[in-house]
Amino acid sequence: MLAMNYRGPRRVRVDHKPYPEILHPNDAIVRVTRSCICGSDLHLYHGMVPDTRVGTTFGHEFIGIVEEVGPSVEKLKKGDHVLVPFNIACGACAFCKQGLYGNCHESNPEATAVGGIFGYSHTAGGYDGGQAEYVRVPYADVGPTIIPADMDPDDAVLLTDVVPTGYQAAEMGGIKPGDTVVVFGAGPIGIMAAKCAWLFGAGRVIIIDHLEYRLEFARQYAQCEAYNFRSLEDPVLFLKRETGWLGADVCIDAVGADAAGSALHTITGKKLMLQAGAAIALHWAINSVKKGGILSIVGVYGPTGNLIPIGNVVNKGITIRANQASVKRLLPRLIKHVQDGYIDPKGLITHRMPLEEVADAYHIFSSKLDNCIKTVLIPSS
Ligand code: NAD
Ligand code: ZN
């Protein structure tokens, strides 16, 4: 079968790889019909995630058709159209039982933090991902969800990560009616977080990025205010001024470690060139949230982040909530929001490319070329 193959930082290609096998009785094999490239894949692509091994296949956002099921699988059968949450979750451990499907113990027992994730390095369990023609799906009775017959596959594929992560970013913010919410990062996750902030009663939603095309997209898609941090002398000062000097009620970090190392800007007034992996958005978020406010972090970091003003967290009494999204927990309500038309996930898709063009697809998404917001890879088989 054809599959994306990681060769080292910034080097990916499509290769022939063996068809995946059923390894456990509760596995399924899914023929992938669509898979996306995520901002999280850029951390892998840029070599920022520990233990990302050459030869592995990325891809944690995918849908497809069940091809085979192991002997103990009860809820799926060959031919079912499924969307597969990016978290690999056993459904039975202490964390899954609390709804923390992103922190499943069984799917990644050696890790101290994250649960298993498709195609996300050996740090996240070493599972191959769905940027391929076929993929092995463990715990097939737990995560995979039948796609409603009337749902567009382009909507379904974004329910595997982008919609739940954006929604959970807003949910973790504990937004109260009338709150001012500032979202850092106008990628698919930040735009979805801004859109979902209104669902929780936000009174004002502001998004910050430096890519004009994304800011314009966010204004249209999420009906929010959008500002370019490169044209602001100091984003923190700007946000303070905009909020009557109190600060935002809620800040959302939808950037994470700057995968492309593109953030050249100010920290406390000084121009600094930041290396890839810098946490400048997190720094701004901590400094622009109000005293006693809430900081919701969905941006992904390596095990350590730098330049984090932890003293300001303590002195301002900020509550920090952070996690990988718990996709399975959120799917029932999010499927409804898609069906009732409030959320239009496919509206984020700007690029549809054959799986064979995976190298170009990564380059375009990573370098933010061609007004790219979200890319879907389509296997030809
Ligand atoms: P993306 O690369 O498309 O978007 C990131 C955006 O942040 C870009 O538009 C970039 O210009 C902007 N940016 C960079 N530095 C900035 C700064 N200092 N201030 C404001 N904006 C800045 O990625 P995405 O797909 O939208 O993902 C965003 C983040 O969410 C990534 O870190 C990704 O790993 C993470 N993520 C987390 C989860 C989860 O479950 N927690 C799930 C999916 C993605
Ligand atoms: Zn993702």
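User: Which of the 32 residues around ligand 1 come nearest?

Analyst: The model is predicted. A residue belongs to this set if one of its heavy atoms lies within 4 Å of the ligand. Of the 32 residues around ligand 1, those that come nearest are Ser40, Asp209, Val255, Ala325 and Lys368.

User: How far is an oxygen atom of ligand 1 from a polar backbone atom of Ala325?

Analyst: Polar contacts are pairs of N or O atoms within 3.5 Å. A nitrogen atom of ligand 1 lies 3.0 Å from a polar backbone atom of Asn323, and an oxygen atom of the ligand lies 3.3 Å from a side-chain N or O atom of His210. For the polar backbone atom of Ala325, the distance to an oxygen atom of ligand 1 is 2.7 Å.

User: What share of the area that ligand 1 exposes when taken alone does the protein bury?

Analyst: Taken alone, ligand 1 exposes 870 Å². The part of this area buried by the protein is 96%.

User: Which element gives the largest share of the shell around ligand 1?

Analyst: Elements giving two or more residues to the shell are α1 (39-45), α5 (188-199), β11 (204-209) and α8 (280-288). The largest share is four residues, and it comes from α1.

User: What is the geometry of the site of the zinc ion (ligand 2)?

Analyst: The protein donors are Cys38 (SG), His60 (NE2), Glu61 (OE) and Asp161 (OD), at 1.9 to 2.2 Å from the zinc ion. Along the chain their spacing is C-x21-H-E-x99-D. Angles among the four donor atoms run from 92 to 133 degrees, and the site is tetrahedral.

Note on methods. Residues are numbered from 1 along each chain as its sequence is written. Chains are lettered from A and ligands numbered from 1 in the order in which they are written. This is a predicted model: local features need pLDDT of at least 70, side-chain atom pairs count only at pLDDT 80 or more; totals for chains, interfaces and linings use all residues. Side-chain values use heavy atoms; hydrogens and water are left out. Donors are N, O and S atoms within 2.8 Å of the metal (3.2 Å for Na, K and Ca); water is not among the atoms, so sites may look incomplete. Four donors count as tetrahedral if all angles lie between 85 and 135 degrees; four count as square planar and six as octahedral if opposite donors are over 155 degrees apart and all others between 65 and 115; anything else is irregular. A polar contact is a pair of N or O atoms within 3.5 Å; within protein, one must be able to donate a hydrogen and the other to accept it, and residues adjacent in sequence count only if both atoms are side-chain atoms. Accessible areas come from the Shrake-Rupley method with a 1.4 Å probe; for residues, only the protein chains shown count as cover.
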